[in-house]
Amino acid sequence: MNCIIFGGSGFIGTHLAKLIKTTYPEAKIYNLDIATQGEPLPTVKDYKPALCDNEPHPAVFVRCDVRKEIDLQFSPTEDDIVFNFAAVHRTPGHPDHDYFETNIRGAENVCKFAEKHNIKKIVFTSSISPYGASEELKTEDTLPTPNTPYGISKLVAENIHKTWQAADKSRQLLIVRPGVAFGKGENGNFSRLYNGLKNRKFAYPGRKDTIKACIYIKDLVRFMLWHLENSDKGVDTYNCSYEPAYTIEQICQTMMKVTGLKRTLLLIPTWLMMPVAAVIGALGAPFGICPARVRKLMVSTNICGKKLANSGFKFTYTFEEALADWYADNGGKCLE
């Protein structure tokens, strides 16, 4: 069996490769990415790899730009799986064109690659961004109304993968829409939140009840393999998050409990928060603070995880246990 991971050098791909190596030790794992694991990324400040120091990536690296025709020399088998994680995803942070070029053209080229080699299984990591920014609870049946270039590009990419599956009903497609995926090497929202708490530079922006759906990376990749083993063919789409989703206050309090931080967190009202963010943004956005990111913090990512909860998949970790495991992965020193 070949497991071909597009974007395998990134956060999700690295954790998945480790799990595949453990679960299917005889599988051949390929990491097709534009950069090697741990290679500095100009788009990610202070990038840290998901693997521990000096730990080798379990996949064979093949430098690949999904915006171009994909070529891989391998021996196909009937059990091969493609995992498509290749994307421009941090938002805000990129020109609009970058999202469309990589996420849409990349989806087309990955599906062409799968068709060329008669690969029957694809796992595509989408996003909750196709739902659009709003406070309403979103299920997998909610009408997508994306309002960012990233969300639009991801919705188009989902449909490209669905077209691939529809051409042959024996094909299997899993689309996952994760909330905030956190864990070692994430270099994202939860790491920034922890550092803000630790350095006393965080206050609730506008409200405490903002819902931030999330999932631990180790359970996210476990679900991918579980679903492939327990499903046959067709298309399945899953919101991937704890059910019910947690508020920013619950996340902060649990994070401080697990890491032993003692903090009293202030609430900065919206009428004050936005002007302050504008001033800080004009100074070059130190600490990652800018109006666009503050607005993002103040809007809930309120996705429903009931379909996942009722699927038969069993989470290995509760939310608190997941944070504790992540903390232990960093030697009980930090969350990064």
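**Close-ups of a predicted model**

**View 1. Helix α6 and its buried residues.** In α6, the buried residues are Ile248, Ile251, Cys252, Thr254, Met255, Met256, Val258 and Thr259. This is a predicted model, so keep that in mind for every view here. What do those buried residues of α6 pack against? Their neighbours are α4 (189-198), β9 (204-205) and α10 (319-329). The helix length checks out too: α6 has twelve residues (248-259), and at 1.5 Å a residue these should span 16 Å, which agrees with the 16 Å between its end C-alpha atoms. Just after α6 comes glycine 260, with a positive phi of about 75°.

**View 2. Where α4 meets α10.** The axes of these two helices, α4 and α10, come within 14 Å and cross at roughly 80°. Angles of 65 to 115 degrees count as roughly perpendicular, and α4 and α10 are therefore roughly perpendicular to each other. On the α4 side, look for Phe190, Ser191 and Tyr194; α10 brings Phe319, Leu323, Trp326 and Tyr327. Sorted by class, this contact of α4 with α10 has six nonpolar residues, one polar and no charged ones.

**View 3. The seven-stranded open sheet.** Reading across, the strand order is β3-β2-β1-β4-β5-β7-β11, and the pairing is parallel. Which strands stand at the edges? They are β3 (60-63) and β11 (234-240); each has a single partner strand, so one side of each is left without a neighbour in the sheet. From one strand to the next, the twist averages 15°.

**View 4. Strands β7 and β11 side by side.** Strand β7 (residues 172-178) runs parallel to β11, and seven bridges join the two. To find your place, pick out proline 178: its bridge partner in β11 is cysteine 240.

**View 5. Helices packed on the sheet.** Helix α1 (residues 11-23) packs on the sheet and touches β1 (2-6), β2 (28-33), β4 (81-84) and β5 (121-125). The direction of α1 makes about 170° with that of β1. Helix α5 (residues 217-230) lies across β4, β5, β7 and β11, and runs at about 160° to β7.

**View 6. Zooming back out to the protein chain.** The secondary structure comes to ten helices and 13 strands. How much of the chain is buried? Buried residues make up 49% of the 336 residues. Of the contacts between residues at least 6 apart in sequence, 82% join residues at least 24 apart.

Definitions and conventions:
Residues are numbered from 1 along each chain as its sequence is written. This is a predicted model: local features need pLDDT of at least 70, side-chain atom pairs count only at pLDDT 80 or more; totals for chains, interfaces and linings use all residues. Side-chain values use heavy atoms; hydrogens and water are left out. Helices (H or I, at least four residues) and strands (E, at least two) are DSSP runs, numbered from the N terminus. The expected span of a helix is 1.5 Å times one less than its number of residues. Buried means under 20% relative accessible area, exposed over 50%, partly exposed in between (1.4 Å probe, protein chains only). Contact means heavy atoms within 4.5 Å. Two strands pair if DSSP finds at least two bridges between them. Axes are lines fitted to C-alpha atoms, for helices over the stretch in contact, and angles run from 0 to 180 degrees between N-to-C directions. Angles under 35 degrees count as roughly parallel, over 145 as roughly antiparallel, 65 to 115 as roughly perpendicular and the rest as oblique. Ala, Val, Leu, Ile, Met, Phe, Trp, Tyr, Cys and Pro count as nonpolar, Asp, Glu, Lys and Arg as charged, and the others, Gly among them, as polar.
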